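Let's take a walk through this fold together. Have the sequence and the 3D view open, and we'll go from one piece to the next.

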Amino acid sequence: MSIQKLIFIILVGILSFTGFSATKLYDVAMAYERYSAGLETKSIALEFGEIVYAENDVKSDVTLVLVHGFGGNKDTWNWVVPKWNDKYHVVVIDLPGHGESVSKKTLDYTITTQAERLYKFLEAKKLKDLYLVGHSMGGAIALRFAGNHVDKLKALILIDSMGMEQTKSDGVKLVEKSDKNPLYDVCTKERLQTLLDYSMHKPPYIPDIIKDALLEEKCSRRDLEKVLYEDMYKDVCCLNDIAKGLDIPTLILWGEKDRMTHIDNAALFHDTIKGSQLVIFKETGHVPILEHPEQTAEAIEKFIKQRDK
């Protein structure tokens, strides 16, 4: 267990005796994690609404922009960023509909629209020649972005990405046979545990009070996430032509035990994107950035070193 995780657990233990609500305690814990990762929370107003993001103050020739998956937010990356030991300039975004960014149910949340919002954010930040890293839905958004704006990128990194499908996953099958969608209709402890079990092969320790906060947040977002989910599936399935046309250094990372995006899809991505590299993490599920942040960071750093010799 890393020092950061140990301090996190101790902090949660101490704060649980202060009378903080689960949500307040969770917010404090996430703020601590961001601080430990050297990330400062910022915001920027764009034509479609406010984008909240986290950024470090590292001066580097390498900029990484990290894009989370469905139902995630900027804090998904808090355990990965410190592993780079302030070597890289890092920007972590809350996509519209997620985290603290604009989250109106009337907005369009298709992959195509989210990719264009990401472009507008990067333009406003004057960021270019960057490594774009996307996880799951964020991978599909990154792939769509690369298809439209490859000139902005040095390289693309996809982690257990959506966007192409070779084999239907257990998670997709679960959604198909469920009366209530288990990915966003999560208002009981049992449904939260199901979501965690399908998302991660070996989940990290999560204190009960943090699970309570996650459950409260997930349930409160149910109606919004229904909109997000339905919009996402309007155009997430069919990015094969974009992938086939890519001519950019690409790293593909995948958990061997992924139950949300099948391991067979990793080979499809690798075979379709010419010149791509594929790394499979053993005994890992859909979220290696939480299950094995050290391995994830190391694989990305190795790839960057190959590119920036």
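Start with helix H6 (residues 189-199) and helix H7 (residues 208-220), whose axes come within 10 Å and cross at roughly 100°. Axes here are lines fitted to C-alpha atoms, for helices over the stretch in contact, and angles run from 0 to 180 degrees between N-to-C directions. That angle makes H6 roughly perpendicular to H7, since angles under 35 degrees count as roughly parallel, over 145 as roughly antiparallel, 65 to 115 as roughly perpendicular and the rest as oblique. On the H6 side, the touching residues are Lys 189, Leu 192, Gln 193, Leu 195 and Leu 196, while H7 brings Lys 211, Asp 212, Leu 215 and Lys 218. Contact means heavy atoms within 4.5 Å.

A word on the ground rules: this is a predicted model, with local features needing pLDDT of at least 70 and side-chain atom pairs counting only at pLDDT 80 or more, while totals for chains, interfaces and linings use all residues. Residues are numbered from 1 along each chain as its sequence is written, and side-chain values use heavy atoms, with hydrogens and water left out. Helices (H or I, at least four residues) and strands (E, at least two) are DSSP runs, numbered from the N terminus.

Now look for the sheet. It's an open one of eight strands, in the order S1-S2-S4-S3-S5-S6-S7-S8, with mixed pairing; two strands pair if DSSP finds at least two bridges between them. At the edges sit strand S1 (40-46) and strand S8 (277-281), each pairing on one side only. From one strand to the next, the twist averages 20°. Strand S2 (residues 49-55) and strand S4 (residues 89-93) run antiparallel and are joined by three bridges.

In H10, Asn 265, Ala 266, Leu 268, Phe 269 and Thr 272 are buried, meaning under 20% relative accessible area, with exposed being over 50% and partly exposed in between (1.4 Å probe, protein chains only). Seen down the axis of H10, these buried residues fall within an arc of 165°, so they line one face of the helix; the arc is that of the directions from the helix axis to the C-beta atoms. They pack against helix H4 (137-149), S6, helix H9 (240-245), S7 and S8.

Finally, the loop between H10 and S8 holds Gly 275, which is exposed, with a relative accessible area of 71%.
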